[in-house]
Amino acid sequence: MRCHIDVYPPSYARVSVRRPLELDTDGIWCILPNSFPENFVVKTSNTKRPQVTISYPGAMLNLMVKEGFTNHQYQELVDPVKVTYEMRSENSIFFEVDGPYLAMILPASKEEGKKLKKRYAVFNEDGSLAELKGFEVKRRGELQLIKIFQSSVFESFLHGSTLEEVYASVAKVADYWLDVLYSKAQNMPDSELFELVVENRSMSRCLADYGEQKSTSLSTARRLAEFLGDQMVRDAGLSCRFIISRKPDGAPVTERAVPLAIFQAEPSIRKHFLKKWLRSSSQQDFDIRSVLDWEYYIERLASAIQKIITIPAALQQIKNPVPRVRHPDWLHKKLLEKNDIYKQKKIGEIFSVTAIRQVSAAESFELTQDSQVADVEDLADGKGNVTNGASAASPPVPRTCVMAGTKQKRGLSVAKGSEKVQSGTVDPFMSWREILGSPPPFGITKDGKLAWLKFHKKKWEIQAQQRVSRAKYSKMDGGTATGHVGNARKFLSAGIGNYLQRTARCILTSAWQLVQVVETDSPGIFRLWALLGSELHAFRVQIPRVFYVNQHSPRLTEDDSYRKVNRTLPRSRPAPYLYEVSMPEETWVASCNRILAELAGPQIEGVYETQVPLLFRALIQLGCVCSVKRHSGRAPNTREVETFALEDLEMKSLAQVSYLEPGSIKHLYLFHQCWASRAMFGLFFPAQRKASIFILDTVLSFKKI
């Protein structure tokens, strides 16, 4: 119970409190519109307190919490001797509003689908930092470069009036520190460079207690003991200040930690130990700029830039403000898919939501009379003939659009619906929304939930009566419906011609799950077995012979079978004039030698893919799921769907269509075994858990058995 009460207010805030930024059990950071009421000042007659300021968001949140989360069964011990309790209402959840603040900066995670919790920077209206939580700038022992970068970059978020200007201001700070690292701090004194790249870690125990463990601080401590003596690392609380070196090559970071104290030793001692630790006897330059692993520090800074600048900018549709820091692979792929010009748009991107206008009954009747647009049910009359609208004998009945936008109107709609249910005059073909209006929301209070339940009970009662009425209509006139719905269904489903046409349309629009591709006796003709829905179909597919001809000069004669293309040839051979040749397989079989002789001229550089099997080409182009192309030239109402050309089919991704889900194909197993003059056949039906066994033998040997 306690966990449910703690979790529900933040979850409710996602829906009701505009846009939450950071949710926790003890606080909710959210964005409110600038026009949202903030404080109300109430003037009093008390001279000591002439006015009282009330926070509107805090008061409303406390009111909602009181209505929805008050425990009305709180038991309090009154008499310990008699063990009697008194029941009362108790609610200890209260909201206090802080702010508003000028800005809040939230970092992003480098991993896809994850978020960084409890990390944010909040600024007051005057530009001062109100709260900073979770960043490295507040941690002890972190890399000083990251701390300085974060302390300066947060202030840059306050500059600029648009997102582009803000990220341009922030990018200047990131570019400055990237320039420092890429130039190896040439214009910076050594003392400042030491403070910039040094890391400081403290050991809670003495070195001997860690055993064979590995870390940068332990490597630093062991090298300090080697350099200064064992007495320096006997006690706990040793402060290890170190840098990361470039050598030894290929060693992990834990083995490349070098104590900063070595650079303050005499040159001969420094040279001796650095040669030993870097495992480089030939190195003579032991300046810190030559020892540092600059790529490591660039990677550390780039990671911080990604979390604070580049990834949030990409998620807000802003071009990468720091191009030297590339996006993670998952984000780069996501941006390519989103900016793909060939990607199919969503229907929500094409249409926009407009304001809802309430239409009266009179306007609805005039619109119906003027437009004369027939419903789908009015497309056919009782004889199966298509009509242009309502008949003269039955004038169109106007339908009134009821907008239940308020509780009062919704209550009237429910009351009218109840009268229709009780009187039995509910239209069996009318939507429950037109009778009752829009449903009320599922509130958090008891009254709201009861109103929601009452509305849906009426809706379920109306739906039950409509099902009974439609069943009566369908049984009239010997099983044929007298209404427009029955006529339309009868018209659409009448005749074997419509059945074949629907089957052909299903073949042209459905995805084919390929089961088998078998070569036939005719050259270039393959029989393709595919699963469409729950039915197995067989098609004939014409696969052409395709090969490539690379020439030194362009062709002088035009031929439909030759098409100039751009491909990458084996071993990166130049392809100035590469042509794709496509012809029927029967033509290739009949004239193979003649065609190859013509392609042996001096202007031909090479001929490629003449030995590729047709089955392999079909599998490469179709995959395991394919469909008929929309622009294949076949009409939707055609019935000729037995033979297809390979170019009429296209591959479907498994992300769009699943392939042979469990239970989609029923299997039969055939067992066959022969020995001497006897044979045994076994046919197994797994779905029915049955099997049929057949034994074949000669009559003479059967008598012996």
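A search of the whole structure, a predicted model, finds 13 salt bridges (a side-chain nitrogen of Lys or Arg within 4 Å of a carboxyl oxygen of Asp or Glu). Residues are numbered from 1 along each chain as its sequence is written. In this predicted model, local features need pLDDT of at least 70 and side-chain atom pairs pLDDT 80 or more, while totals for chains, interfaces and linings use all residues, and side-chain values use heavy atoms, without hydrogens and water.

E76 belongs to strand β5 and R88 to strand β6, twelve residues apart (strands are DSSP runs of E, at least two residues; helices are runs of H or I, at least four; both are numbered from the N terminus). E76, R88 and E90 form a network of salt bridges. E76 is partly exposed, at 34% relative accessibility. R88 is also partly exposed, at 30%. Here buried means under 20% relative accessible area, exposed over 50%, and partly exposed in between, with a 1.4 Å probe and protein chains only.

A second example pairs E585 with R545, with the closest N and O atoms 3.1 Å apart. E585 lies in helix α18 and R545 in strand β16, 40 residues apart. Both residues are buried.

D697 and R678 also meet in a salt bridge, at 3.1 Å, N to O. D697 sits in the loop between β25 and α20, and R678 in strand β24. R678 is partly exposed, with a relative accessible area of 31%.

Strand β25 also contains I695. This residue is exposed, at 66% relative accessible area.
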